[in-house]
Amino acid sequence: MNNTDLTGKVQTVLGVTEGDQLGITSSHEHIIWDMSDYFEEPESASDKKLARQPVSMENLHLIRARPHINIDNMIQTSEEIAIRELMDYKYAGGGTIVELSQNGLARDPMALTRIARATGLNIIMGSGYYVGLSHPADMDEKTEQDIADEIVRDIMVGVGDTGVKSGIIGEIGCSLPLTDNEKKVLRACAAAQRRTGAAINIHPSIDDDALLENIAVLKNAGADMSRVAISHIDGFGYSLETRLKVLEQGCYVEYDGFGQAIFHFFYMGRIANAMSDIQKITDIMELIEKGYLHQILLAQDFCFKCCLATYGGYGYAHIIRNLIPFMKAKGMTEEQIQTLLVDNPRRLLEFTPVKK
Ligand SMILES: [Zn+2]
């Protein structure tokens, strides 16, 4: 079971399409998700009460400040809300969404097909495993070959008996430190990439050296590093030196926390989301000046309700509607914006045989 006819094509949840059909693409989002496995029970009575309330205007100011405090904020399973939110993205000019809620984030292939039909957007679905915390109980028993076979099946046959096929591998979870099972998954991703030509998206370990270790595991397993995207490059506090090392390996760096600087949180000892949207744009300009325009991806990686317009957030159209004017003000040209929002994600999503 190997890639036979996907070369040069993009695979959406509704089937194969051409790269020139994608248009503006958000490279890392969640549309339907359940992150409640990552909820940590608070200690105080008032936090426990807040944890179990629905998100509303009465508690939004508390939830925005601490997005993990509320279970409802970590779950978005309404197709009606998803469609309304995505129509806003479409009306703003968006064409494609890469949806990376795979195993561990409650991936829902059939819901994604209904949402794709309702909105007319291209939706690209992920495959693989998120961080170890969400791995299935039998993960120790699975071999690298088993996991590679699962990913290849998602891409070539479809998820389970749905017939709905993944178009990218990811987001693949890496904890700090990287666990043995996570290493096994990374190696399996490289093997699945060699068999399918799909790109890989990594949720990296939140530490500079550990991120470089994630990349080394993939590289030693034979991954095509020019077809690997490193997520959360803006949110996890990596130094410029580390980001340049990632770029020198040929990977894409993904600035996917746009619209999230309204909340900050501690994640494995670091402050996540410390950078404002404007700082991100300044950073990106710096990387463009160093010659890396073609290795940068943009997204919003919404996985909290408070990011959605329905709940007072910026919504999926934030980059298109609110940030392009700032990109231009910082000196970005129309061509560069087109490269970031259209050409780079297209190149990533088009299946490409790995050079032997
Ligand atoms: Zn994500």
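Ala106 counts as partly exposed in this predicted model, because its relative accessibility is 40%, between the 20% cut-off for buried and the 50% cut-off for exposed. Ala106 sits in the loop between β6 (94–99) and α4 (109–119), and its phi is positive, about 65°, although it is not a glycine. Asp301 also has a positive phi, near 40°, and it is one of the protein donors of the zinc ion. From here, let's walk through the zinc site, the backbone, the rings and the cavity.

**The zinc site**

- Which residues hold the zinc ion? The protein donors are His28 and His30, each through NE2, together with Glu171 (OE) and Asp301 (OD).
- These donors lie 1.9 to 2.4 Å from the zinc ion.
- Along the chain, the donor residues follow the spacing H-x1-H-x140-E-x129-D.
- Glu171 belongs to strand β8 (residues 169–173), while Asp301 is in the loop between β14 (296–298) and α10 (318–329), so this pair ties together parts that are 130 residues apart in sequence.
- For orientation, the ideal angle for four tetrahedral donors is 109.5 degrees.
- Are Glu171 and Asp301 buried or exposed? Both are buried; for Asp301 the relative accessible area is 8%, and the cut-off for buried is under 20%, so Asp301 qualifies.

**Backbone details worth a look**

- As background, most residues other than glycine have a negative phi, and most peptide bonds are trans.
- Gly170 and Glu171 are joined by a cis peptide bond, with omega about 5°. Glu171, in strand β8, is also a zinc donor.
- Another cis peptide bond joins Leu176 and Pro177, with omega about -5°. Pro177 is found in the loop between β8 and α6 (180–196).
- Asp301, with its positive phi near 40°, is in the loop between β14 and α10.

**Aromatic rings and a charge**

- How many aromatic pairs does the whole structure hold? The search finds three.
- One of them is Tyr38 with Tyr130: the ring centres are 5.7 Å apart and the planes stand at 90°, so the pair is edge-to-face.
- This pair links distant parts of the chain, 92 residues apart. Tyr38 is in the loop between β4 (33–34) and α1 (45–51), and Tyr130 is in the loop between β7 (122–125) and α5 (144–156).
- Tyr38 is buried, with a relative accessible area of 13%, and Tyr130 is buried too, at 10%.
- Elsewhere, Lys280 lies over the face of Phe258, at 5.7 Å from the ring centre.

**The cavity**

- Rolling a probe the size of a water molecule over the atoms shows where empty space is left.
- Here the count comes to one cavity of 30 Å³ or more, and the largest cavity has a volume of about 50 Å³.
- Its lining consists of Ile24, Thr25, Ser26, Tyr89, Leu298, Gln300, Tyr316, Ile319, Ile320 and Leu341.
- Which element gives the most to the lining? That is β3, with three residues.

Note on methods:
Residues are numbered from 1 along each chain as its sequence is written. This is a predicted model: local features need pLDDT of at least 70, side-chain atom pairs count only at pLDDT 80 or more; totals for chains, interfaces and linings use all residues. Side-chain values use heavy atoms; hydrogens and water are left out. Donors are N, O and S atoms within 2.8 Å of the metal (3.2 Å for Na, K and Ca); water is not among the atoms, so sites may look incomplete. Helices (H or I, at least four residues) and strands (E, at least two) are DSSP runs, numbered from the N terminus. Buried means under 20% relative accessible area, exposed over 50%, partly exposed in between (1.4 Å probe, protein chains only). Rings of Phe, Tyr and Trp (its six-membered ring) pair if their centres lie within 6.5 Å; planes under 30 degrees apart count as stacked, over 60 as edge-to-face and the rest as tilted. A charge sits over a ring if NZ of Lys or CZ of Arg is within 6 Å of the ring centre and within 35 degrees of the ring normal. On a 1 Å grid over the protein atoms alone, a cavity is a set of points where a 1.4 Å probe fits but cannot get out, and a pocket is an open set with protein on both sides within 12 Å along at least five of seven lines; lining residues have an atom within 4 Å of a point. Grid points are joined across faces, edges and corners, and a volume is the space filled by probe spheres set on the points.
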